[in-house]
Amino acid sequence: MTDPIAGRAGGPSLRQRRQRAAFWFLAPMLFALLCVAAWPLARTIWFSLTNTTLSNLYGGEWIGFDNYLSMRTLSSGRVVWRGTLVDPAWWNAVWNTVRFSLISVGFETVLGLIVALVLNAEFRGRALVRAAILIPWAIPTIVSAKMWAWMLNDQFGILNDILLRLGLIGEKIAWTASTETAMTAVLIVDIWKTTPFMALLILAGLQMVPRDIYEAARIDGVHPVRVFFRVTLPLIKPALMVAVIFRMLDALRIFDLIYVLTPNSAATKTMSVISRENMIDFDKFAYGAAQSTLLFAIIAVFVSAYIWLGRVDLGGEGSK
Amino acid sequence: MTRHKLLKRIAFYALVAVIVVFSVFPFYYAVVTSFASGTALFRVNYLPAGFDLRNYQAVLGSKNFLYSIGNSLLIATATVGLSLFLGVTASYALARVRFRGRGLLLMTILAVSMFPQIAVLAGLFELVRFLGIFNTHWAMILSYTIFTLPFTVWVLTTFMRDLPVEIEEAAIVDGASPWIIITRVFLPLLWPAMVTTGLLAFIGAWNEFLFALTFTSTESMRTVPVAIGLLSGASEQEIPWGPIMAASVIVTVPLIVLVLIFQRKIVAGLTAGGVKG
């Protein structure tokens, strides 16, 4: 945006006045963010370097990086490693989180793309379909977790009933309780819940593609599949990338669905779940803080890579 | 050729049908279950099996659930109000005034909205304890600001950037101060954007679980998601599915109605938050 105002009426003094006003307009918001984001984050990192416990928040002592990794040599000469980085439970959570994020975002992208393509076509009842796909998005995560927990119930669940009737399974499956299927259950619910969001973001990208391109391709007799891969996909790639990154960041920090759908299952415990568990439930406050700091670091690296790679025009100053 | 076309059409509508059924069925099934009690609950019913209101009576008869609805309404409204108030002035500055570091500031705000909430949990827990607001509404109002405020600022900034310069110029020529420009010139134009942002922030605050779970300790202070999430029986076999489904339907229906009414605005707001970046 250019600033034609400054030069025209009153010269630089008006611009200065506007900038001063801007500062005072921004100050309350910045102060609020400082209080709820920057300060707590700094304190979390600080706690991760101490041995603070939940019952005694101010009694922690500085122990350096021992929550992350420490080495001690016993008198017998044996070397003992301790800390999150050698904790199998932590690495299990990392693996669960990565697996969950990649699979769920992968499915959501493909399904979201299909739904978006359908919604981008002209047909009767389109408004109705768009309204229908908004329903999973509008339902609170906890509620959808409970709804699906009931549908996935081993004894009385409708999903087992359907699959049995269709002859796809031989006996009832304990979806959420069994370690083999717990992750599948979580993935089903997450994909159901967030594909609409993905579809809407992709649809917004699709609607920016000029219709004449399709028209031209049709007249030239190009096969629709070819048009999709050669024309549509490259054109919506920016919108698609943004949607994927947003979902990825969301998936990496998942907590509520897993906490409610498969409580205490090692097969689904993610980084957020294990951090909170240590922090609040196991009275290993500092240890949990170290784990959440690690998660923050992973996401921070991911975000900077995205901003750097995508060179996204965040300030809206592309013309400059 | 026409037969080929017909087949294509049928396939397309079949796909549409699958999408609709897959989206709507779980909620439909929750509604069906919420009206079943006793032994009817433990038969798999594909169609409504009756109209038994006992589950609803059980849920609405419990004081704590009513408290939860009140808590959630109060907290979400206060959070949205606070975020909009702080967000409007801030986004005016970010969208309309040129100053050094503006791009960096916007980027920081976007980064905060992508924050994993768990990363601030320990620090916020200490802050909440320090301020003496543990297990009060304030704990949630304060902590929800971390995701509603950046979102509000970001979306309002994109909306405000699209408003024509001429309006503001005219006001400046008339000698209006920035505060007057915001309250008298931009605010009336921003209402639609504020409704959208407010609604999305409200849904976010209404659905939040992690902070509400951690910062409350008594049943009467719980928000709706925590109340539903922790509603359980004495054992695995005694989970009160009927009342859980009734509670789910009660808290979801208003949201669905809101979302369907404001469909277009919500889609616009979501994409402004995402794609326009």
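Which helices of chain A and chain B each supply at least two residues of the lining of the largest cavity? In this predicted model, in which local features need pLDDT of at least 70, side-chain atom pairs count only at pLDDT 80 or more and totals for chains, interfaces and linings use all residues, side-chain values use heavy atoms, with hydrogens and water left out. Residues are numbered from 1 along each chain as its sequence is written, while chains are lettered from A and ligands numbered from 1 in the order in which they are written.

The contributors from chain A are helix 5 (141–151), helix 7 (182–206), helix 9 (224–252) and helix 10 (256–261), and those from chain B are helix 4 (102–113), helix 6 (137–161), helix 8 (178–207) and helix 12 (263–274). Helices here are DSSP runs (H or I, at least four residues), numbered from the N terminus. Rolling a probe the size of a water molecule over the atoms shows where empty space is left. A cavity is a set of points, on a 1 Å grid over the protein atoms alone, where a 1.4 Å probe fits but cannot get out, whereas a pocket is an open set with protein on both sides within 12 Å along at least five of seven lines; lining residues have an atom within 4 Å of a point. Grid points are joined across faces, edges and corners, and a volume is the space filled by probe spheres set on the points.

Over the whole structure, the search returns four cavities of 30 Å³ or more. The largest cavity, with a volume of about 1400 Å³, has a lining of 41 residues, and A:Asp250, A:Arg253, B:Gln117, B:Phe147 and B:Gly204 are the ones that lie nearest its centre. By class, this lining comprises 23 nonpolar, eleven polar and seven charged residues, where Ala, Val, Leu, Ile, Met, Phe, Trp, Tyr, Cys and Pro count as nonpolar, Asp, Glu, Lys and Arg as charged, and the others, Gly among them, as polar. The second largest cavity holds about 60 Å³ of space, and its lining includes A:Trp150 together with B:Tyr29, B:Val32 and B:Thr33. Helix 1 (residues 2–34) of chain B provides the largest share of that lining, three residues, and the lining as a whole divides into six nonpolar, two polar and one charged.

The largest pocket has a volume of about 1600 Å³. It is lined by 29 residues, of which A:Ala121, A:Arg218, A:Pro224, B:Lys8 and B:Phe12 are the closest to its centre. At least two lining residues each come from helix 3 (88–120), helix 8 (211–219) and helix 9 of chain A and from helix 1 of chain B, and helix 1 of chain B gives the most, with eight residues. The lining of the largest pocket has 17 nonpolar, five polar and seven charged residues.

Helix 4 of chain B, one of the contributors to the largest cavity, contains the buried residues B:Arg102, B:Leu105, B:Leu106, B:Ile109, B:Leu110 and B:Val112. These residues cover an arc of only 160° around the axis, which puts them on the same side of helix 4 of chain B, the arc being that of the directions from the helix axis to the C-beta atoms. Buried means under 20% relative accessible area, exposed over 50%, and partly exposed in between (1.4 Å probe, protein chains only).

Twelve salt bridges are counted over all chains, a salt bridge being a side-chain nitrogen of Lys or Arg within 4 Å of a carboxyl oxygen of Asp or Glu. One of them joins the side chains of B:Glu126 and A:Arg43 (2.7 Å, N to O). This pair crosses between chains, from helix 5 (residues 118–130) of chain B, which holds B:Glu126, to helix 2 (residues 12–48) of chain A, which holds A:Arg43, and both residues are buried. Another salt bridge links A:Arg253 with A:Asp250, their closest N and O atoms being 2.8 Å apart; A:Arg253 counts as buried because its relative accessibility is 18%, whereas A:Asp250, at 32%, counts as partly exposed. A:Arg253 and A:Asp250 also belong to a network of salt bridges with A:Glu108, A:Asp190 and A:Arg247.

Most residues other than glycine have a negative phi. A:Asn264, although not a glycine, has a positive phi of about 60°; A:Asn264 is found in the loop between helix 10 and helix 11 (271–281) of chain A, and its relative accessibility of 66% makes it exposed. A:Asp283 likewise has a positive phi, near 60°, and lies in the loop between helix 11 and helix 12 (285–310) of chain A, where it is partly exposed, with a relative accessible area of 33%.
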